[in-house]
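Subject: Structure handover, cavity and salt bridges

Hello,

The structure is below, followed by notes on what was found in it. Please read the notes with the model open.

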Amino acid sequence: MSGAKSVSPENRTVIGLTFGNSNSSIAYTVDDKAEVIANEDGDRQIPTILSYVDGDEYYGQQAKAFLIRNPNNTVAYFRDFLGKDFEHIDPTHNHASAHPKDVDGAVSFTIKDKAEEDAEPSTVSVSEVATRYLRRLVGSASDYLGKKVTSAVITVPTNFNDKQKAALLAAANAADLEVLQLISEPVAAALAYDARPEAQVEDKIVVVAELGGTRSDVAVIASRQGMYTVLATAHDYEFNGVALDKILMDHFAKEFLKRNPSAKDPRENARGLAKLKFEAEATKRALSIGANASFSVESLSDGIDFASTINRLRYETLSRTVFEGINRLVESVIKKAGLDVLDVDEVILSGGTAHTPRIASNFSNIFPQTTRILAPSTNPYAINPSELGARGAALQASLIQDYEADDIDQSTHAAVTTVAHISNAIGVVSLNAAGEEIFVPVVPAETAVPAKRTVHVAAPKDGGDVLVKFVEGNTHIKVTKPEPKPKEDKTAKVEDAADSDEESDFSDDDEEEEEKREKVWKIGNTLAEAAIRNVKKGGKVEVTVQVNADLSVILTTREVGAQGGVRGQLNA
Ligand code: ATP
């Protein structure tokens, strides 16, 4: 971040920020706990929207309300345009607000942002829009904290490229904000969970499903002793919150037309469409909490008021394609990481759309019972999915705020992005009670390097000379077919099976029909062997594996409590 704005550590007031296409949020830490800040309107999820009326600038929820009456001077869904050329943007979501324009290749908006009646509209670049918006966020945070906020950690999607990051940094700097670090959204969500006082640092594979308004991003992360490694990511721009709004908009528009056959379709005029959208989103949110929700719009079309209700089941049936798209996205990224659902210890649902109970319960069907699904509807200890990113960013900001900008750049950057990691586990061969060889992992797969781990393994019970065999280990999935069923209801079962295949996300699975899948270790290549002489009866052997940054490995073993030992080095 050379050349970027920097503030000396003693003069900093830091926050964590998420800056989404749909919403943004702000958090800060107090006594090592992250808190999300409400802006002056009382909002914690602040719509990423700016609107201009008679030269006054509105932001957040107030600006969002102007999408109905003042769409041309309201700029929405602009974050993803930062750092992109006009020819590479997708303006789909901007049809009902200020349209992006091509000004010498740069994305810009033409809006009336001056007070004078006869003033010419201004052409404002997306960078300038981002700066103005970030300035408002920082202003709200400063008002809340009672001192000027100087610095922030900001979350970005995992597929933000260097140009996009540079554009975001420049926009933040122009808003007089020092960016301590950009961290990826899924890592921020994982941090928000792992930094809780009751959390235990454990090695785990975490899937973070970041479900927003305009995009769904899923990442598989290996967490190894508090270090995060992003193993695989997937991005989707079709199965998202906006698609769910659209489903409800269409549903109620059709009902309106059925009741008022001679009225014009509200979707065919801009104001009707904006009203439908606004209310559909509110109805959708209500359906995340209640079994029923109302929908009511004054003067929807031809001056006719409209009021109706919908229940959650109906909504879920209508939205099935979107939910299934999200399921597929999650399954695909696990595959891309070379893993199986059985490898996943935790699924974190993050982002506004993650409040949807059906999405979380579908995940419970995809993953085994041993996987923790962290969503409000499936886990009482889940953190509000809309707050995870900002909380994680704030925690990271408080961790690094005492460092000089240059040191942050060099030391912490890699820790939370993709770093070198080993792909197979390294461990030793031991014998189980039945005398069969088994793999005992010392360093789990996907551990970021450098890393050093030690385990104690029981020696054969009579002691004596022990041969320690260092090997690579990998897991495979053992599938056990169910016992065949009694024959009498065979036809019925066949139909059931076909049915349940198609309905897999929506019907209760027939437990008895399921085959058993379990993760088992397979012993791979032998790396080295070491002999330890005269181990005591009932003694233990200590095994240490150290993987260096260049992926060379140092293996050490000795009898626990004894002097000396055997040491060997393998080059990468
Ligand atoms: P993106 O960048 O993908 O556009 P974002 O990160 O800016 O999204 P989020 O606040 O994470 O924004 O997600 C916004 C989406 O979440 C909107 O579609 C909104 O309607 C939806 N949403 C917010 N709260 C709920 C809720 N309680 N139930 C269902 N959906 C919700």
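A cavity here is a set of points, on a 1 Å grid over the protein atoms alone, where a 1.4 Å probe fits but cannot get out; lining residues have an atom within 4 Å of a point. Grid points are joined across faces, edges and corners, and a volume is the space filled by probe spheres set on the points.

This is a predicted model, in which local features need pLDDT of at least 70 and side-chain atom pairs count only at pLDDT 80 or more, while totals for chains, interfaces and linings use all residues. Residues are numbered from 1 along each chain as its sequence is written, and side-chain values use heavy atoms, with hydrogens and water left out.

Cavity

Searching the whole structure gives one cavity of 30 Å³ or more. The largest cavity holds about 40 Å³ of space. Its lining consists of P157, T158, E185, P186, V208, E210, D217, V218 and A219. Two or more lining residues come from each of α4 (185–194), β13 (204–211) and β14 (216–224), where helices (H or I, at least four residues) and strands (E, at least two) are DSSP runs numbered from the N terminus. Strand β14 supplies the largest share, three residues. By type, the lining has five nonpolar residues, one polar and three charged (nonpolar: Ala, Val, Leu, Ile, Met, Phe, Trp, Tyr, Cys and Pro; charged: Asp, Glu, Lys and Arg; polar: the others, Gly among them). Domain 1 (9–84 + 125–185 + 390–416) and domain 2 (200–237 + 328–384) each give at least three residues to the lining; the domain bounds come from an automatic or database domain assignment.

Salt bridges

The structure holds 36 salt bridges (a side-chain nitrogen of Lys or Arg within 4 Å of a carboxyl oxygen of Asp or Glu). One of them joins R215 and D80 at 2.9 Å, N to O. R215 sits in the loop between β13 and β14, and D80 in the loop between β7 (74–75) and β8 (100–103), 135 residues apart. R215 is buried at 7% relative accessible area, and D80 is buried at 12% (buried: under 20%; exposed: over 50%; partly exposed: in between; 1.4 Å probe, protein chains only).

E202 is partly exposed at 33%, as is R372 at 34%.

Regards

Key. 1 Å grid on protein atoms, 1.4 Å probe; cavity = no way out; pocket = protein on both sides within 12 Å on 5 of 7 lines; lining within 4 Å.
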